[in-house]
Amino acid sequence: MPRDKEFEKILQEAEDPKNIGQGSWACPANPTPSEKAKYELCEKILGFQEDNNLSDEIMTRKLHLTQVELEDILFCRISKFTLDYLMNVASKLFLPAEIKVIVESKKDTNVRTV
């Protein structure tokens, strides 16, 4: 029975309206190139934090961000910032850094022949 009460408590917290949207956001379906780039940069920044075992406090100081700004990046809330902003944040971690844009044609896999 204690497990059921613990589960109910977690479920209530997850369903609380004030907590909706507070976790990680998925990359949108059919993302624009900008959305995809922002999402990938967020993942790189999170990976840097995890690989180097850095606390949020150290990351906020290193990046000159507030805790809320850092959470928006770490939880991939890409609609909250521009690609330019995110590139500037990433450049503080990955110096010297080079960001490349790769343009490649995608072949349509749903080709119909008549």
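Modeller: Cys42 is buried, with a relative accessible area of 0%, where buried means under 20%, exposed over 50% and partly exposed in between, for a 1.4 Å probe and protein chains only. Cys76 is buried as well, at 7%. The model is a predicted one, in which local features need pLDDT of at least 70 and side-chain atom pairs count only at pLDDT 80 or more, while totals for chains, interfaces and linings use all residues. Residues are numbered from 1 along each chain as its sequence is written, and side-chain values use heavy atoms, with hydrogens and water left out.

The closest cysteine sulfur to that of Cys42 belongs to Cys76, and because the two are 4.6 Å apart, they are too far for a bond. A disulfide is a pair of cysteine sulfur atoms within 2.5 Å, and a search of the whole structure finds zero of them.

As for the helix pair, the axes of H2 (residues 33-51) and H3 (residues 56-63) come within 11 Å and cross at roughly 125°; helices here are DSSP runs of H or I with at least four residues, numbered from the N terminus, and axes are lines fitted to C-alpha atoms over the stretch in contact, with angles from 0 to 180 degrees between N-to-C directions. That angle makes H2 oblique to H3, since under 35 degrees counts as roughly parallel, over 145 as roughly antiparallel, 65 to 115 as roughly perpendicular and the rest as oblique. In contact, meaning heavy atoms within 4.5 Å, Ile45, Phe48 and Gln49 of H2 meet Asp56, Met59 and Lys62 of H3.

Methods
Helix = DSSP H or I, 4+ residues; strand = E, 2+ residues; numbered from the N terminus.
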